[in-house]
Amino acid sequence: MYNPKSLKAEEFISDEEINTTLKYAEENKNNVELIDKILNKAREEKGLDYKEASVLLACDIKEKNDEIFELANKIKNDFYGNRIVLFAPLYLSNYCVNGCLYCPYHYQNKHIPRKKMTQEEIKREVIALQDMGHKRLAIEAGEDPVNNPLEYILDSIKTIYSIQHKNGAIRRVNVNIAATTVENYKKLHEAGIGTYILFQETYHKESYEKLHPTGPKHNYAWHTEAMDRAMEGGIDDVGLGVLFGLERYKYEFTALLMHAQHLEAVHGVGPHTISVPRIKKADDIDPNAFDNSISDEIFYKIIACIRIAVPYTGMIISTRESKEVREKALNLGISQISGGSKTSVGGYDKSISDEEAEESAQFDVSDRRTLDEIIKWLMENNFVPSFCTACYREGRTGDRFMQICKEKQISNCCHPNALITLKEYLEDYAKNDTKEIGHKIIEKELQNIENETVRQKTATYIKEIEKGDRDFRF
Ligand code: SAM
């Protein structure tokens with residue numbers, strides 16, 4: 001029944017195969033010989049299949065778990081170096097026709113204020129985001145064909161790309177909206193989106209149907225096969241994720257990697273990113289009502305095992321997580337984080353009070369620091385914050401990006417782009433103490449660009465930015 005090349009959800013995410021894998025992983029969780037064999041394969045840094053990775057996730061031996069964490073950190077550094085890409089979510093509308101039990105936007109919630117931004121309001125939000133220093137957004141919306149039809153999303157993308165305020169610009173718009181048709185994915189592709197993100201929520205069909213009792217999202221196959229339609233519509237970069245807490249994490253982990261293997265088998269390229277959201281308190285949602293919540297320790301292990309299994313896939317952690325958790329996760333494989341986020345519709349606009357904005361929030365944010373505080377904190381922890389959006393603007397999407405990553409060319413491409421965009425941030429938006437640390441980091445990190453021509457060119461671009469020019473890239 002299991003067939004990674006099938007286009008049918010229940011064949012590429014096979015419940016039977018997942019259960020067989022979980023049994024195998026459980027039986028081998030103390031099998032040192034097998035775990036060592038898998039770890040040795042993982043050290044070649046070409047990834048693992050879902051079965052091997054599931055054994056590592058189940059592994060119960062302290063020393064071996066330490067090796068897993070160490071290896072995840074090494075793979076992270078070998079492929080991504082110390083750069084961390086920044087983005088912010090932008091909530092366009094919280095109108096929704098679905099009945100998702102974990103999300104306060106569900107249609108039966110009558111006391112959450114429903115809001116849909118006009119293009120004028122979006123403009124104000126984008127200016128506020130540009131003034132923070134953001135260059136990359138992830139737009140979010142509930143599913144509502146009447147209030148938020150695709151045309152509204154397309155108009156909003158156009159508005160976002162069109163706004164140039166001072167030196168600001170949003171150069172990459174990722175999109176997190178409900179599963180849709182190939183035709184609509186084509187339109188999103190033509191609108192110049194970056195990654196299409198859709199969380200599976202849970203891969204367990206029965207739980208999925210219970211958690212999504214009503215609305216179009218109820219259809220498991222439609223949702224699970226969305227990435228295939230997105231790729232058929234021309235979108236090369238897709239972002240997977242599950243909402244941890246809804247189902248047993250080991251089940252989700254195996255299925256998530258199966259999904260990644262399926263995309264690779266059918267489209268020749270795996271997911272561009274994997275997100276690891278955990279369920280949070282929200283308007284009428286109590287996370288304790290879901291009995292599969294995971295501890296921080298398990299959360300770290302999941303991140304480390306994903307990193308080892310799919311070394312070429314970016315990993316995202318949002319402000320759902322606290323500073324402490326994010327700090328640890330950064331060393332285990334995370335390559336992108338959000339910062340200064342608001343999860344409410346219109347939340348960035350300074351003319352709206354925080355209380356009013358939070359009434360329409362999707363979930364509580366744990367990391368409430370400003371973007372500048374986050375940039376400073378990253379640099380104090382020896383990371384290079386990056387506002388780079390070059391790859392997709394240079395056509396390096398899908399397998400072309402993966403190639404760069406596989407050849408470990410990030411140090412000659414993403415690293416210089418990170419320094420250039422960090423320099424822009426320092427010049428245009430940073431507070432003085434952030435600037436001071438930033439200039440030292442740039443000085444130091446310039447020396448880590450291996451290719452001499454690239455290094456010199458980067459240094460020249462940085463000088464040009466000081467003189468007022470913007471938007472250089474490799
Ligand atoms: N409406 C779109 C859809 O149907 O896929 C996606 C947009 S939704 C704003 C983004 C994601 O937020 C969801 O896919 C879900 O995983 C997550 N989410 C919903 N409720 C949450 C909660 N209470 N805590 C944390 N994350 C939540």
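This report looks at a pair of helices and at the surroundings of a ligand.

The model is predicted, so local features need pLDDT of at least 70 and side-chain atom pairs pLDDT 80 or more, while totals for chains, interfaces and linings use all residues. Residues are numbered from 1 along each chain, and side-chain values use heavy atoms, without hydrogens and water.

Let's start with the helices (DSSP runs of H or I, at least four residues). The axes (lines fitted to C-alpha atoms over the stretch in contact, with angles from 0 to 180 degrees between N-to-C directions) of H3 (residues 32-42) and H5 (residues 62-80) come within 11 Å and cross at roughly 5 degrees. H3 and H5 are therefore roughly parallel, a label for angles under 35 degrees.

Now for the ligand. Its polar contacts are pairs of N or O atoms within 3.5 Å:

| Residue | Residue atom | Ligand atom | Distance |
|---|---|---|---|
| Tyr102 | polar backbone atom | nitrogen | 3.0 Å |
| Lys217 | polar side-chain atom | oxygen | 3.1 Å |
| Gln362 | side-chain N or O atom | oxygen | 3.4 Å |

Methods:
Helices (H or I, at least four residues) and strands (E, at least two) are DSSP runs, numbered from the N terminus. Angles under 35 degrees count as roughly parallel, over 145 as roughly antiparallel, 65 to 115 as roughly perpendicular and the rest as oblique. A polar contact is a pair of N or O atoms within 3.5 Å; within protein, one must be able to donate a hydrogen and the other to accept it, and residues adjacent in sequence count only if both atoms are side-chain atoms.
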